[in-house]
Amino acid sequence: MAIWSELGAVAMCLPAWFLAGRLAQQVKLPLITGYLIAGAVSGPSLLQLFRSNGLASLGFVDHACLGVIALAAGAELRVSELKKTKRQVVCITLGISLLSWLFVFIAMMMLMPFIPFTQHRTYQQQQAVASLAGTLAIARSPASAIAVLRETDARGPFCSTVMAVVVVKDVLLFVCLAMNLEFANMAMVAAPEGFNISHMLQPALSVMVSIGLGALGGTALGMLLNAKPTAMPRTVAALTQVLPQAVIASRKPAAVLLAASTIFFTAVSFTAEPLLACVVAGFMTTNRKSVKNAHEQLTGCLSQLMPFVYVAFFGLAGASLKLGSFVGSLWVAVILCLVRLAGIWGGCWLGCWLGATPVDHRKHMWYGMITQAGVAMGLAKTVAVRFPEWGPDFATLMTCAITMNMMAGPPLFKRAIVQTGEARAMLHPALSQDLEEAIDKSDKQEDKQRQLLRTISDSPSRPLPPIRRNEEAHLPVSSGPLEAAGAGMV
């Protein structure tokens with residue numbers, strides 16, 4: 001019954017969250033920023049429309065939304081485009097990951113004496129905690145990136161590079177976090193016999209299983225999109241005539257939602273990385289040559305799903321924020337955010353320089369790497385479950401920093417897309433002004449032509465004489481003045 005009451009609260013809040021996103025657009029902010037703020041207002045910290053334990057029971061909604069979002073992230077990766085920018089993607093990914101981890105690691109080690117849950121830890125244990133914080137700093141939200149790209153209808157080399165770096169960086173994040181969790185476990189146990197070599201093989205095995213599940217899921221989804229209509233039984237044919245056309249047209253988007261959710265929950269049951277599996281599934285589906293217009297079909301289905309997915313996911317993400325617990329760790333989180341921004345800026349500059357990225361992209365690339373959301377929060381909760389003694393306090397600190405990045409990142413990414421000229425839904429102001437002037441000039445010219453034609457048609461004129469046919473040339477020749485003019489031309 002608790003689940004149904006929470007689902008009812010979600011259904012009641014969805015229109016308000018949607019309206020908040022539209023209001024955010026009016027003040028030049030991304031949609032998801034409005035969803036997050038409205039969700040935080042309706043959460044347990046303020047209006048208390050949701051209960052903390054009730055939000056935990058809605059985890060399956062978050063997982064289904066994450067599955068669709070990760071599938072959409074994989075669908076944005078085209079092999080033809082990756083071949084052109086593979087050097088840039090590799091260099092930028094390594095530069096951001098290395099400097100983000102290093103800067104946050106050093107900052108955490110310097111702040112250890114002021115953080116209550118690390119003050120009495122050994123130096124080795126403090127290093128393990130700092131390394132986990134640095135690893136979480138690598139995370140970047142593919143959900144928010146996809147949301148801003150779809151809102152601005154952005155296409156181009158800059159957006160393709162950003163999406164490729166985001167996805168590849170998250171794959172690297174899953175591997176690094178799994179290894180760091182094992183290192184932290186080694187540091188926290190008193191005796192060295194708590195470590196086993198199989199612990200180090202587990203991350204690699206998890207990644208391999210995730211890729212395998214994603215490949216199988218992508219193959220199945222491609223076959224589903226490529227399925228041709230066959231002869232239906234009479235009962236099914238009669239049912240399709242009774243059902244509304246909108247219900248019949250939504251069967252493929254519903255199948256994509258079901259496939260993404262199935263891949264996600266299957267990966268969870270195999271203790272694999274569900275987001276990686278869904279990304280691989282989207283990548284496999286959109287790049288299948290055997291499926292006609294695979295990319296167009298998949299993105300068409302996702303475009304119908306995404307508005308509902310974004311409202312539900314980011315609204316619940318905002319509602320799950322425990323604003324009251326941020327007070328004690330706010331100043332530390334602010335420092336970590338600033339240090340992470342410095343690492344991202346330095347990593348982007350280094351990676352763009354090594355990868356020979358265009359100069360215009362170098363100036364704006366770091367704007368697209370700031371946002372963190374569900375992935376980072378989920379990984380912070382993983383640390384809290386793995387280390388119950390100090391993990392919850394660590395998760396609270398990291399969630400506070402993630403929330404700041406979640407609020408600041410989307411507007412900056414949207415600004416970068418507009419400034420690079422790849423926001424098709426929002427033309428650059430200068431281009432928009434030139435286009436409006438050209439349209440006004442064209443309209444004025446059309447008005448003059450219409451006025452001239454109207455004047456000619458309204459002016460009194462004698463009727464032209466009948467046309468007689470020239471027997472020799474078989475051409476219609478009119479009598480009177482026009483005949484003389486024609487003769488002169490001959």
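Residues are numbered from 1 along each chain as its sequence is written, and side-chain values use heavy atoms, with hydrogens and water left out. Because the model is predicted, local features need pLDDT of at least 70 and side-chain atom pairs count only at pLDDT 80 or more, whereas totals for chains, interfaces and linings use all residues.

Grid points are joined across faces, edges and corners, and a volume is the space filled by probe spheres set on the points. The largest pocket holds about 1600 Å³ of space. It is lined by 50 residues, of which M377, G378, L379, K381 and T382 are the closest to its centre. Helix 17 (residues 374-386) gives the most to this lining, with 10 residues; helices (H or I, at least four residues) are DSSP runs, numbered from the N terminus. By class, the lining of the largest pocket comprises 30 nonpolar, 14 polar and six charged residues, where Ala, Val, Leu, Ile, Met, Phe, Trp, Tyr, Cys and Pro count as nonpolar, Asp, Glu, Lys and Arg as charged, and the others, Gly among them, as polar.

The structure also holds three cavities of 30 Å³ or more. The largest cavity has a volume of about 120 Å³, and among the 16 residues that line it, A70, P142, D170, L275 and V375 are the closest to its centre. Helix 8 provides the largest share of this lining, four residues, and the lining divides into 13 nonpolar, two polar and one charged residues. The second largest cavity contains about 70 Å³ of space, with V104, R340 and N405 among its lining residues. Helix 18 gives the most to the lining of the second largest cavity, with four residues.

Two salt bridges are present in the structure, a salt bridge being a side-chain nitrogen of Lys or Arg within 4 Å of a carboxyl oxygen of Asp or Glu. In one of them, E389 pairs with R121, the closest N and O atoms being 3.4 Å apart. This pair links distant parts of the chain, 268 residues apart, with E389 in the loop between helix 17 and helix 18 (391-419) and R121 in the loop between helix 5 (79-111) and helix 6 (123-137). E389 counts as exposed because its relative accessibility is 65%, where buried means under 20% relative accessible area, exposed over 50%, and partly exposed in between (1.4 Å probe, protein chains only). A salt bridge also joins the side chains of E151 and K414 (3.3 Å, N to O); here E151 in helix 7 (residues 142-152) and K414 in helix 18 are 263 residues apart. Both E151 and K414 are buried.

Helix 14 (residues 294-319) has 26 residues and should span 38 Å at 1.5 Å a residue, which agrees with the 36 Å between its end C-alpha atoms; the expected span is 1.5 Å times one less than the number of residues.

Technical notes: 1 Å grid on protein atoms, 1.4 Å probe; cavity = no way out; pocket = protein on both sides within 12 Å on 5 of 7 lines; lining within 4 Å. Helix = DSSP H or I, 4+ residues; strand = E, 2+ residues; numbered from the N terminus.
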